[in-house]
Amino acid sequence: MCALYGGIEAGGTKFVCAVGTNPEDLGNVKRIPTTTPAETLGQVINFFREQKGLSAVGIATFGPVDLNHNSPTYGYITTTPKPGWAFADLAGVVGRALNVPVGFDTDVNGAGLGENQWGAAQGLDNFIYLTIGTGIGGGGMVNGKLMHGMVHPEMGHIRLPHDKKADPYHGHCPFHGDCFEGLASGPALQERWGQLAETLPDNHPGWALEAHYLSLAVNDFVCTLSPQKVILGGGVMEQPQLFPMIRQNVQKLLNGYVQSQEILKDIDSYIVPPKLGKRAGILGAIALAIQAHKGV
Ligand code: ADP
Ligand code: ZN
């Protein structure tokens with residue numbers, strides 16, 4: 001019998017579940033609202049119990065999460081401010097209920113793995129995947145392995161130069177105020193401009209400011225990690241006008257110092273949206289299931 005994989009894209013507003021093996025073979029996608037861990041995970045487990053012959057499940061989740069296999073809270077969401085979800089066990093609860101191996105990682109590492117298997121990062125060993133949505137997170141691969149480390153990268157919480165005269169907005173991060181996420185996430189745009197980010201007109205000055213912050217962050221990640229590609233996903237990146245501004249600003253910021261074709265000549269294919277589009281998250285969760293099945 002062919003292997004069949006379950007994917008769970010766990011988000012702050014919804015858990016997206018699906019069964020499949022690759023982008024051409026992805027069954028019905030089920031959306032379950034994020035309420036309490038017991039209720040939401042109960043519905044997730046019921047969905048997968050109806051699917052026969054699952055070989056493994058992958059969970060790509062919002063965080064922060066515990067990825068240390070030797071820790072008693074491995075597979076948990078840890079210090080989230082989201083009510084009810086701090087120290088919620090995801091991997092253990094799902095694995096015990098379905099009795100299958102569980103792959104567990106951050107949403108951005110999951111999406112990065114999916115892009116590596118089937119999307120914009122195929123054949124690359126070093127790349128980053130950033131999501132710019134309700135929060136900002138980053139993951140990807142270094143030397144062919146998903147980035148983990150002490151906990152996992154928190155690329156959304158780096159500090160950026162913030163000219164308070166040009167942009168007096170105090171920032172949205174509950175921990176740091178005007179960190180990257182505090183200045184450039186969807187809710188930051190909404191609070192700064194007094195309307196939902198998706199309702200700002202294309203020519204609104206907020207987009208140039210957004211591209212400015214995104215470019216500063218991308219510049220720093222290029223300098224620290226030397227990624228072979230930078231994939232920018234999440235709701236805010238649905239604004240296509242951001243990409244040319246970011247590409248141009250990153251070239252300006254680096255100022256010819258990083259001598260690579262990718263930056264100097266091929267920037268249009270260096271800073272890109274996810275090739276899997278809105279399915280990057282769920283396909284990433286399926287990719288984590290495949291890894292778990294192989295015992296990686
Ligand atoms: P989440 O981060 O919750 O998984 P998204 O990646 O869709 O979900 O991010 C949601 C955030 O992105 C919200 O703050 C929303 O205002 C913003 N957003 C969603 N769609 C767009 C759009 N087309 N243009 C700009 N901002 C958007
Ligand atoms: Zn922060």
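## Close-up views of a predicted model

**View 1. Surroundings of ligand 1.** In this predicted model, an oxygen atom of ligand 1 lies 2.5 Å from an N or O atom in the side chain of Glu198.

**View 2. Packing of helix H5 against helix H6.** Two packed helices are described by the angle between their axes and the distance between the axes. For helix H5, which covers residues 186-193, and helix H6, which covers residues 205-225, the angle is about 140° and the axes are 12 Å apart. H5 and H6 are therefore oblique to each other, and their crossing is right-handed. On the H5 side the contact is made by Leu189, Arg192 and Trp193, and on the H6 side by Gly206, Trp207, Leu209, Glu210 and Tyr213. Sorted by class, the contact of H5 with H6 consists of 5 nonpolar, 1 polar and 2 charged residues.

**View 3. Packing of helix H3 against helix H9.** Helix H3, residues 107-118, packs with helix H9, residues 280-294, at an angle of about 80°, and the two axes are 7 Å apart. With angles of 65 to 115 degrees counted as roughly perpendicular, H3 and H9 are therefore roughly perpendicular to each other. From H3, the residues that make the contact are Gly110, Ala111, Leu113, Gly114, Glu115, Gln117 and Trp118, and from H9 they are Ala280, Leu283, Gly284, Ile286, Ala287, Leu288, Ile290 and Gln291. By class, the contact of H3 with H9 has 9 nonpolar residues, 5 polar residues and 1 charged residue.

**View 4. Backbone features in two loops.** Most residues other than glycine have a negative phi, and most peptide bonds are trans. Gly63 and Pro64, however, are joined by a cis peptide bond with omega at about 0°, and Pro64 is found in the loop that runs between strand E5 (54-61) and strand E6 (76-77). Asn99, a residue other than glycine, has a positive phi, near 55°, and is placed in the loop between helix H2 (91-98) and strand E8 (102-106).

Key:
Residues numbered from 1 in each chain as written. Chains lettered and ligands numbered in written order. Predicted model: local features only at pLDDT ≥ 70, side-chain atom pairs only at ≥ 80, totals over all residues. Heavy atoms only, no water. Axes fitted to C-alpha atoms, helices over the stretch in contact; angles between N-to-C directions. Helix = DSSP H or I, 4+ residues; strand = E, 2+ residues; numbered from the N terminus. Parallel < 35°, antiparallel > 145°, perpendicular 65-115°, else oblique. Left-handed = near helix turned anticlockwise from the far one by under 90°. Contact = heavy atoms within 4.5 Å. Nonpolar A, V, L, I, M, F, W, Y, C, P; charged D, E, K, R; others polar. Polar contact = N/O pair within 3.5 Å; in protein donor to acceptor, adjacent residues only side chain to side chain.
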